[in-house]
Amino acid sequence: MKNIFLTLTIFCSFSLSCQTADELVSLIIRKIELVKDYSVSANIKADIPLIKVLPVNATIYFKQKDKFKVVSKGIAILPKQGFTDVSSFLSKKGTYVSVDGGLVVLNGIKAHIVTVIPTVENSDIVLAKLWVDIKQNVIIKTDLTTRGSGSVTIDYIYGYQVGYALPDKITFTVDVKKFKMPKSVSADINNTEKNKKPDPNKSKKGTITISLTNYTVNKGISDEIFKKKD
Amino acid sequence: MLLKNTYNEFIKIIAKPRSYIGLGVLTALILVILFAMKADGSSYISFVTASFEQTLSFNGNILNGNLIAFIILQMLIVHIPLLVALVTGDLISGEAAMGTIRMLATKPISRTNIVLSKFIAGAVYTLILTIWLAFLALVVVKWMFGSGDMIVLNSSGLVILQEGDIFWRYGCSFIVAYLALLTVSSLSICLSAFAENSIGPIVSTMGIIILFTIIGSLDVTVFDSIKKFLFTTHMASWRSFFEDPINLKDIWQSIIILVVHNILLVGIAVIKFNKKDITS
Amino acid sequence: MNEPIIEVKQLAKKFGDFEAVKDVSFTVNKGDVFGFLGPNGAGKSTTIRCLLSLISPNSGSIAIFGQNLSSNRSQILNNIGSIIEKPDFYRYLSAEKNLEIFARISGSDSSKKDIQEMLEFVGLNGRGKDKVKGFSHGMKQRLGIAQTLLHKPDLIILDEPTTGLDPQGIIEVRNLILRLKTEQNKTVVLSSHQLSEIEIIANRMVIINKGKSVIEGSVEALVNEQELLLQIELNNPENAIKLLATEYPNLVVKHLYGSTIEIAVEKDMVPKINYLLVNKGFEIHSLEPKRKLEDFFMKIIQE
């Protein structure tokens with residue numbers, strides 16, 4: 001009896017820590033699908049080479065499957081890819097394969113690496129590497145390589161909405177190597193800023209940090225919000 | 001006597017049809033820009049943000065009144081000097097061409113006062129033109145396109161200024177832009193003191209502006225030492241208020257150079273006009 | 001005792017190498033209508049422009065109202081009204097507005113009523129609101145005179161005031177100048193290249209030629225000093241010439257045209273010649289003494 005209990009305990013712990021990549025993705029999707037819609041207050045902080053912008057407050061609206069809207073009084077900068085793309089990509093079952101990448105500890109959290117590779121040709125995402133918190137079944141980090149927007153790294157920190165896989169803080173690290181200033185637009189009559197030309201050796205990575213508070217989940221959101229123009 | 005003749009100068013400027021050309025052209029130019037922005041402003045914006053758009057998305061009312069006011073200022077800074085010179089270049093030489101300079105100079109008012117009153121009148125006309133520009137750019141444009149944060153594309157990159165942080169910048173930039181236009185006014189009045197017809201000073205003023213602008217934009221070391229003393233180099237200093245952080249040292253340097261230009265040009269005009277034999 | 005209003009001494013002005021005025025001196029007394037006579041290019045306008053501080057002389061002195069012009073410019077100009085060559089106005093303004101503008105800087109606080117009265121004085125009543133661009137040259141000239149008088153100056157300087165006017169305009173302006181003298185007791189300096197104009201209007205004059213003042217004095221005296229050309233229309237002019245040659249061998253007599261002969265004579269010879277011809281039975285149809293001032297003027301300017 002004692003041996004059977006021991007065997008069961010070892011099996012269970014093994015199976016917990018050694019879930020397959022597909023199983024993990026399924027667990028993540030299940031969590032994602034719990035959220036039909038949400039709205040959340042966001043504070044968006046961008047630190048991107050060549051762009052100077054102060055933090056902006058905004059409200060983010062999301063509705064399944066892919067309705068997404070940022071409403072801000074000011075101008076808010078977000079990464080082109082990465083906010084809802086991972087979840088909508090994972091939701092399309094059968095369009096990708098997931099590959100187990102092993103266990104790691106990331107920021108003190110035990111995580112399972114899953115690499116997701118699309119199997120359809122027209123997918124914008126070329127490769128997604130996910131770090132999944134095996135305890136909470138949420139993604140804590142993503143490395144996203146896209147066809148059109150370069151690579152984006154996304155770090156997630158969760159709080160009280162972890163049950164819905166909704167983070168309190170997301171940090172996007174974007175590739176800025178393609179940024180070039182259009183001369184004709186910026187050219188002054190007399191450029192008085194000769195010494196301020198961008199330094200080519202400067203960091204090529206930019207970060208956008210979004211702090212999210214006051215989630216309202218599954219309370220219903222009118223479609224009108226998503227139709228409104230800025 | 002200075003005030004009385006300044007009042008006379010205002011009457012003349014108000015009565016002259018050419019004084020309204022500037023205001024009319026300015027209004028027309030702005031209306032054209034507004035029409036273009038209303039019709040196809042998004043393509044202009046995507047041109048500004050093109051290099052970031054692959055990676056980033058800009059959310060919010062980007063094409064707002066604040067940005068369009070900036071675009072208008074940027075586009076028109078080349079043209080407004082011509083509109084200023086059209087009136088101010090005529091202030092002394094126009095009187096010589098018309099023959100009224102004889103009448104003026106035989107009155108018990110000193111020649112210095114005649115020139116100074118013309119400078120004051122020219123400065124007020126330039127101010128009216130600047131205020132009209134500010135009114136159209138800030139009030140009318142904001143009424144049409146709304147307000148909001150402002151994207152400014154400088155050679156050092158994009159700066160996004162928050163809505164509440166913009167109005168004072170426009171206030172200051174209009175003051176510096178006015179000072180630059182006042183220098184154009186002073187230059188054309190100064191040239192006007194040397195001429196007997198209005199076309200000469202107007203064309204010469206634009207010629208000098210074009211020449212100095214070309215010298216200022218040529219990346220040739222031989223001109224480096226004089227570039228910072230050319231008033232045209234400082235005509236775009238109003239833009240500096242839309243930098244972050246603002247380089248106050250550069251702005252003050254521009255203000256000082258423009259003020260010195262004005263004093264010199266007024267001085268030259270006064271000396272020339274006092275020594276001038278009126279033979280027309 | 002004549003009170004000098006303008007005293008010009010040895011005035012000279014060069015424009016580059018060209019000496020426009022070499023040596024001009026004259027005095028204008030209070031109450032004079034002073035003629036400033038000379039051919040075109042004699043230096044009249046340059047001298048007048050110097051009087052009004054439009055041009056700075058190279059040498060010489062100008063005193064007006066007993067004060068040096070260069071050091072008391074505003075004070076002196078306060079009491080002078082002037083028209084140089086032609087009166088030019090702001091074409092885009094009305095006559096009234098033009099007068100207002102010039103009055104404002106002439107040191108006078110002319111009211112609308114003053115302006116209306118002045119427009120009436122020069123015969124432009126009812127045209128005050130009209131823009132000057134619609135005015136004829138004569139109307140502008142009269143408006144110019146209104147402008148010179150509005151601040152009630154003691155001295156009026158008019159440079160070629162009748163140039164370009166039609167005969168009626170010339171008479172109107174001439175009458176206006178005479179009224180300034182008779183009704184307002186103004187001192188008037190008047191430049192002209194027309195001797196007849198100066199003869200009619202001025203009581204004193206200076207003739208200048210090639211930048212130099214040649215002669216100055218009373219118009220009457222200058223006119224009387226000169227010989228007369230006596231033109232007589234009579235029957236049998238050939239016999240009359242023979243008779244006069246016999247009686248007065250020193251006289252120069254010539255057959256002018258038709259039945260008219262011309263004799264250069266002193267003024268006191270005119271009645272004697274008339275008596276002689278009538279006594280010898282000649283029928284005299286007309287006898288007209290012509291002054292030789294014009295010849296004198298021509299002689300001066302040709303020297």
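This is a predicted model: local features need pLDDT of at least 70, side-chain atom pairs count only at pLDDT 80 or more; totals for chains, interfaces and linings use all residues.
**Chains, sheet and core: a quick chat**

Q: Which chains share the most contacts, then?
A: Chains A and B. Two pairs of chains are in contact, and that pair comes out on top.

Q: How many residues of chain C are in contact with chain B?
A: 22 residues of chain C, and they meet 22 residues of chain B. On the chain C side, helix 2 (73-77) and helix 3 (95-104) each supply at least two residues. Helix 3 of chain C gives the largest share, four residues.

Q: What classes of residue are on that side of chain C?
A: Twelve nonpolar, six polar and four charged, on the side that touches chain B.

Q: Staying with chain C, what domains does the assignment give?
A: Domain 1 covers 4-224 and domain 2 covers 226-302, according to the domain assignment. Their C-alpha centres lie 40 Å apart.

Q: Switching to chain A. How many helices and strands?
A: Five helices and twelve strands. Chain A has 230 residues, and buried ones make up 30% of them.

Q: What about contacts between residues 24 or more positions apart in chain A?
A: They account for 56% of the chain A contacts that have a separation of 6 or more.

Q: In what order do the ten strands of the chain A sheet run?
A: 4-3-1-12-11-10-9-8-7-6. The sheet is open and the pairing is antiparallel.

Q: Why is one side of strand 4 and of strand 6 left without a neighbour in the sheet?
A: Strand 4 (67-72) and strand 6 (96-106) of chain A are at the edges. Each has a single partner strand, so one side of each has no neighbour in the sheet.

Q: How much are neighbouring strands turned against each other?
A: By 20° on average, ignoring direction.

Q: Which helix packs on that sheet?
A: Helix 2 (residues 21-34) of chain A. It touches strand 6, strand 7, strand 8 (125-133) and strand 9 (138-146) of chain A. The direction of helix 2 makes about 90° with that of strand 6.

Q: And how many bridges join strand 6 to strand 7 in chain A?
A: Nine, with the two strands running antiparallel. Strand 7 spans residues 109-118. One bridge pair is A:Val105 with A:Lys110, the latter in strand 7.

Q: Over to chain B. Why is strand 2 largely enclosed?
A: Five of the five residues of strand 2 (residues 150-154) of chain B are buried, so the rest of the structure largely encloses it.

Q: Which way do its residues point?
A: B:Met150, B:Val152 and B:Asn154 point one way from strand 2 of chain B, and B:Ile151 and B:Leu153 the other way. Its partner is strand 3 (residues 157-161) of chain B, antiparallel, joined by five bridges. B:Leu153 stands opposite B:Leu158.

Q: Last topic. Which residues touch the most other members of the largest nonpolar core?
A: A:Ile44, A:Ile77, B:Ile72 and C:Leu190, in a core of 204 residues.

Q: What does C:Leu190 touch?
A: Leaving out residues up to four places away in sequence, its contacts include C:Val33, C:Phe36, C:Leu158, C:Ile177 and C:Ile201. There is also a second, separate core of nine residues, with C:Ala240, C:Ile261, C:Ile263 and C:Leu277 among them.

Technical notes:
Residues are numbered from 1 along each chain as its sequence is written. Chains are lettered from A and ligands numbered from 1 in the order in which they are written. Two residues are in contact if their C-beta atoms, placed from the backbone, lie within 7 Å. Domain bounds come from an automatic or database domain assignment. A residue is buried if 20 or more other C-beta atoms lie within 10 Å of its own, exposed if 12 or fewer, and partly exposed in between; C-beta atoms are placed from the backbone. Two strands pair if DSSP finds at least two bridges between them. Ala, Val, Leu, Ile, Met, Phe, Trp, Tyr, Cys and Pro count as nonpolar, Asp, Glu, Lys and Arg as charged, and the others, Gly among them, as polar. Axes are lines fitted to C-alpha atoms, for helices over the stretch in contact, and angles run from 0 to 180 degrees between N-to-C directions. A nonpolar core is a set of buried Ala, Val, Leu, Ile, Met, Phe, Trp, Tyr and Cys residues joined through C-beta atoms within 7 Å.
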